[in-house]
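Hello,

Here is the structure for you to look over. My notes on its pockets follow below.

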Amino acid sequence: MVRNTATSVVTIDRFIIEQEREHPGATGALSGILTDLALAAKMIANKVRAAGLADVLGSAGQENVQGEVQQKLDIIANETIVKAMDHGGRLCCMASEEMEEIIPIPDKFPTGKYVLLFDPLDGSSNIDVNVPVGTIFSVLSQRSTGTHGTLADALQPGSTQVAAGYVIYGSSTMLVYSTGTGVHGFTLDPLLGEFLLSHPNIRIPTTGRYLSVNDSYEEHWAEPVRALMRRYRGLDGKRAAMNVRYVGSMVADFHRNLLGGGLFAYPANAKSPGGKLRLLYECNPLAFICEQAGGAAIDGVQRVLDVQPTELHQRTPIYLGSKDDVAIASEMLGAH
Ligand code: P6P
């Protein structure tokens, strides 16, 4: 007798289509965006994997809109995403951490009803020391009525996102995304060149072991933040001590806490009174993923996803992770 030993291999394309079928009114446009992003992720993964060999290490010398010296891979990743996404006819505009203004869809291409915001290579300062880096993306629906999107279309609260996700270029390449019905993780099989479903329905533990914060800023934090970090470290006797794990790459730190439970914090400090991390294409997408997995995210005052953006590259403080650990931050920082 021949036993059927085939496992049910679910590629990301199959999973996206099956999810689309659960939404009768779906046109397939969002599915197309996700499929194209998966292709872009594979292309960036190839470049990141080869970074140690090709002459792409080290900064390109140019400065991006953030005034940060751009690593060559930043530029490559940005161009890879723009070129993978600009012709599909599903987007009315894009915006990237690496570009000051909204990215219009070229007139030669059709436009669609979605907006894509992204950080093409977050944590890129870690590239030349082989620390995991990531791509973060956020998808919004167009609100304006023209064929081409506007800045206002990008400046929507994170609660209006229709999809969000990230790619982590680590010991393996994983793509994790949500369209509002749970969080699903796919691992790239380098031999097949396919993202395969490896982490269906990810749920973040309600409390966690890991605290991810750069405490070299401790002297620049407000006192309530210092007290909160003492609580997380078990120093005030009101919570078991958390292990500090901080890579300095938001996607890597968040991914570990998503799977194992914990809290990532980048508080405001005297040097960065508005925080360091970007609201639209770093904090909102990861907050969306976190909430979809049963976690929470606040900026110290309110839910991150409720913040009404006013600028494309605005920053925000963030406390992101296990629900009970974020609740401690809410209580101690007086968030509403
Ligand atoms: P710091 C990387 O530059 C980044 O944007 C995030 O990925 C990371 O969480 C944070 O900045 C690290 O900042 O000040 O601790 O080096």
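The lining of the largest pocket has 8 nonpolar, 8 polar and 11 charged residues. Classes: Ala, Val, Leu, Ile, Met, Phe, Trp, Tyr, Cys and Pro are nonpolar; Asp, Glu, Lys and Arg are charged; the others, Gly among them, are polar. A pocket is an open set of points on a 1 Å grid over the protein atoms alone, where a 1.4 Å probe fits, with protein on both sides within 12 Å along at least five of seven lines; lining residues have an atom within 4 Å of a point.

This is a predicted model: local features need pLDDT of at least 70, side-chain atom pairs count only at pLDDT 80 or more, and totals for chains, interfaces and linings use all residues. Numbering runs from 1 along each chain as its sequence is written, and side-chain values use heavy atoms, without hydrogens and water.

Strand E5 gives the most, 3 residues (strands are DSSP E runs of at least two residues, helices H or I runs of at least four, numbered from the N terminus). Domain 1 (12–199) and domain 2 (210–333) both contribute to this lining, so the largest pocket lies between them; the bounds come from an automatic or database domain assignment.

The second largest pocket has about 250 Å³. Closest to its centre, among 15 lining residues, are Glu20, His23, Ala26, Leu30 and Ser31. H2 supplies the largest share, 4 residues.

Best wishes

Key
Grid points are joined across faces, edges and corners, and a volume is the space filled by probe spheres set on the points.
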